Amino acid sequence: MLIKNQIYEAVICDYTADGQGIAKIDGCAVFVPNAIVGEVCRIRIETVRKTWAAGKIAEILEESAE
C-alpha cells in the first residue's frame with residue numbers, strides 16, 4: 001500500500017487516454033501529469049485509492065529518450 005506524501009522512485013511506463021504518465025509502484029498504477037514514457041522519476045504521492053494513486057514529479061533522475 002502506498003503512503004500519501006511519501007516519495008517513491010519509478011519508471012514512467014505508459015500514458016492515460018488524456019496524456020498523463022503511468023508508473024507502476026508496488027503493483028499499483030500511479031498517474032503522473034507531465035511525465036514522459038521512459039523517464040525515471042521520484043514521485044510524491046498525493047492521492048491514494050484502493051487500486052490507483054496520483055502523484056507529482058519531485059525529481060527527474062533520468063530523462064526519456066523521447
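What follows is what I looked up, entry by entry.

**Entry 1, the model.** I noted at the start that this is a predicted model.

**Entry 2, the strands.** I began with β1 and asked how it sits against β4. The two pair in the antiparallel sense, and I found five bridges between them. At one spot I saw Val11 standing opposite Val40 in β4. Next I checked β1 against β2: these also run antiparallel, joined by three bridges. Ile12 has Ala23 in β2 as its bridge partner. β1 and β2 make a hairpin, with five residues between them. In that turn I spotted Gly19, with a positive phi of about 95 degrees.

Which residues touch the most other members of the largest nonpolar core? I got Leu2, Ile12, Val30, Ile43 and Ile45, out of 14 residues in that core. The elements giving two or more residues to it are β1 (7–15), β2 (21–25), β3 (28–32) and β4 (40–48). I then followed up Ile43, skipping its neighbours within four places in sequence: its contacts include Ile12, Ala23, Val30 and Ala58.

I looked for aromatic pairs and found one. Phe31 and Trp52 form it, tilted, at 6.0 Å centre to centre with 55 degrees between the planes. The pair links distant parts of the chain, since Phe31 is in strand β3 and Trp52 is in strand β5 (residues 52–62), 21 residues apart.

Terms used: Residues numbered from 1 in each chain as written. Predicted model: local features only at pLDDT ≥ 70, side-chain atom pairs only at ≥ 80, totals over all residues. Heavy atoms only, no water. Core = buried A, V, L, I, M, F, W, Y, C linked by side-chain atoms within 4.5 Å. Buried < 20%, exposed > 50% of the residue type's maximum accessible area, 1.4 Å probe, protein only. Helix = DSSP H or I, 4+ residues; strand = E, 2+ residues; numbered from the N terminus. Contact = heavy atoms within 4.5 Å. Phe/Tyr/Trp six-rings, centres within 6.5 Å; stacked < 30°, edge-to-face > 60°. Pairing = 2+ DSSP bridges.
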